[in-house]
Amino acid sequence: MKQLLFIMAFVSAMALGGCSDKKEVVNDVRFTIEANTDQPVRIYSPTDKGETGTVIRKSYESLFKTGPTVFGIEARCDDETTLITIRVWVNGKLKREVSGNKYLTTGEIRLL
């Protein structure tokens, strides 16, 4: 009898735990890309549609919302003297800042 009560209590606890009011995590992500020349810079980011990326000149800013995820941003320029800077803010806090020439990536940014 005790075993039956224990099993019923365990199953009830599991069922109640599965119905908890877990809120989905939503992150506000903002990123900027700046270049020190007018040379075209091709970027690949979570806001791009397709494999060709987006071509920018001088500066670019994007905002999006996302749940827990992993993403990265890449920037490429044929001109080796163009300095590119990528900054990523998550929920208002600077999460990543990288600078470099020709090819630049933020690496994986985890929002888990």
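Trainee: What makes E7 and E8 a hairpin, and which residue in the turn has a positive phi?
Mentor: In this predicted model, E7 and E8 form a hairpin with two residues between them, and Asn 91 in the turn has a positive phi of about 55°. The two strands run antiparallel, and one of the pairs joining them is Thr 85 with its bridge partner Ser 99 in E8.

Trainee: How do you know that E7 and E8 pair?
Mentor: Pairing requires at least two bridges, and eight bridges join E7 to E8, residues 93-101, so the two strands count as paired.

Trainee: Which strands does E1 pair with, and in what sense?
Mentor: E1, residues 27-35, pairs with E4, residues 59-66, in the antiparallel sense over eight bridges, and Ile 33 has Tyr 60 as its bridge partner in E4. E1 also pairs with E7, residues 83-90, in the antiparallel sense over seven bridges, where the bridge partner of Val 29 is Val 90.

Trainee: Which residues touch the most other members of the largest nonpolar core?
Mentor: Of its 20 residues, these are Ile 33, Val 41, Phe 71, Ile 86 and Val 88. E1, E2 (41-44) and E7 each supply at least two residues of this core.

Trainee: What does Phe 71 touch, leaving aside residues up to four places away in sequence?
Mentor: Phe 71 touches Val 29, Pro 46, Phe 64, Val 88, Gly 107, Glu 108, Ile 109 and Leu 111, where a contact means heavy atoms within 4.5 Å.

How values were computed. Residues numbered from 1 in each chain as written. Predicted model: local features only at pLDDT ≥ 70, side-chain atom pairs only at ≥ 80, totals over all residues. Heavy atoms only, no water. Helix = DSSP H or I, 4+ residues; strand = E, 2+ residues; numbered from the N terminus. Core = buried A, V, L, I, M, F, W, Y, C linked by side-chain atoms within 4.5 Å. Buried < 20%, exposed > 50% of the residue type's maximum accessible area, 1.4 Å probe, protein only.
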